[in-house]
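Here is a walk through one protein model, taken a piece at a time. Have a look at the picture, then read on.

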Amino acid sequence: MPDDVLDALRAAADAGGEDIVRLAGDTDAVAGVAPRYVAAPGSTAEAAALLTVAAARNLAVTVSGSGGKQTWGNPPRRLDLLLHTRRLAGVVAHAAGDLVVVVRAGTPLAELQAKLAPAGQQLALDAPLPPGGSATVGGVVATNTSGPRRMRYGTVRDLLIGVTMVRPDGTVARAGGTVVKNVAGYDLGKLLTGAYGTLGLVTECAFRLHPVPAARAFLCRRAVDAAEAGRLAAAVLAAQVVPSALEVDTTPDGGVEVAVLLEGTPRGVRERADTTGRLLGGATVSDEPPPWWCAYPWGTGDVGLRLTAALSGVPRLLAAAAEAGRRHGVPLAVRGSAGTGVLHGGLPGAAAPDAVASVVADLRAATAGLGGHAVVLTAPPPVRERVDLWGPVNGLDLMRRVKAQFDPDGRFAPGRFVGGI
């Protein structure tokens, strides 16, 4: 039977062909919601043409990169067209002298780092990977994922200095530029970062870069409990050792480990490692990170949480998490930055939904009292049905007004974000 929508989408794609625009298959579902069509634009212009057709046909659209975080957030309320960024890949420009790179959104983060390495440069984002997965530049921006070194280099929002996007109606918009101090126009990059693809399709990003450090050292120290881990972290923060990352890892059996990353010149790292070792007392020193470094504390199909608190509240948050797991009989692992107050928690996917809901409620009460939040990033369907993934969020009315300005028909990743945005 003829499909005029499929024909219109294929006509809009410059490359054409069934592999570029096709009917969806069994593996194309997003959080259990199956699309009807899949398209893989190879340029901003091609993406704009496809989205113009989607707007004219009132198609609901969701974007996919590597697919590793498709279970994050709420399932889309409806989904007609899945836009895949696999052909939107590669470095557009690398101004090594200015420490700036422009890269297409579908580029794997690991591939980008490999391209920058010969120049002795890096995009200082060591975003944790989903279990068994990889991350694209666009996916990292959409979910605002930053790893341990956010403590020194900042988050995605801090490193993103320019962006090209296609709005849901097919209009191309650009903001920022390719110089670090550019302040022209609205800062769309900050708005799009962490919006879960609900405001439009990001096709290119400009980032500020940093030199690759000449030396690094990881110092690890086991702690008796969360209180001791907090004291060790506070001692490192109070000293003049300038860590690039300060991480903590707790296991359901009560194990706690603190790890510090130092970067810089060989001599400087050695001297600061000596000082940090004395502060920690009995730490091991290595050129390689501990096995749990920059990895989420959950597996495929488990419950993943994002927990935040003021720096002074990290020890109390760790203690509250351990108590919540014990109280409700669910093993809870917590891992993340004691230097920024951004942690992640993992619960077994097989845990009873009511028990998970109780743990989440306890953690939301704890984080609220510590100046933070508790968000469920990913969870199996029975838990999603029982738990509000996002919880209370300030500024929801403003977020809805922004959504209405960018996507008045509510067609882009509808329902994926907080408050059903």
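How many salt bridges does the rule find across the interface of domain 2 and domain 3? The count there is 0, a salt bridge being a side-chain nitrogen of Lys or Arg within 4 Å of a carboxyl oxygen of Asp or Glu. Before going further, a word on the ground rules: this is a predicted model, where local features need pLDDT of at least 70 and side-chain atom pairs count only at pLDDT 80 or more, while totals for chains, interfaces and linings use all residues. Residues are numbered from 1 along each chain as its sequence is written, and side-chain values use heavy atoms, with hydrogens and water left out.

Now for the layout. The chain splits into domain 1 (1-212 + 394-421), domain 2 (215-243 + 261-286) and domain 3 (303-385), with bounds from an automatic or database domain assignment. The centres of domain 2 and domain 3, taken over C-alpha atoms, are 26 Å apart. Their contact (heavy atoms within 4.5 Å) takes 4 residues from domain 2 and 6 residues from domain 3.

Next, zoom in on helix α8, residues 226-238. Helices here are DSSP runs of H or I, at least four residues, and strands are runs of E, at least two, numbered from the N terminus. The 13 residues of α8 should span 18 Å at 1.5 Å a residue, and that agrees with its end C-alpha atoms, which are 18 Å apart; the expected span is 1.5 Å times one less than the number of residues. Buried residues (under 20% relative accessible area, 1.4 Å probe, protein chains only; exposed is over 50%, partly exposed in between) in α8 include Leu-232 and Val-236. The buried residues of α8 pack against β12 (215-223), β13 (245-250), β14 (256-264), α9 (266-280) and α10 (314-328).
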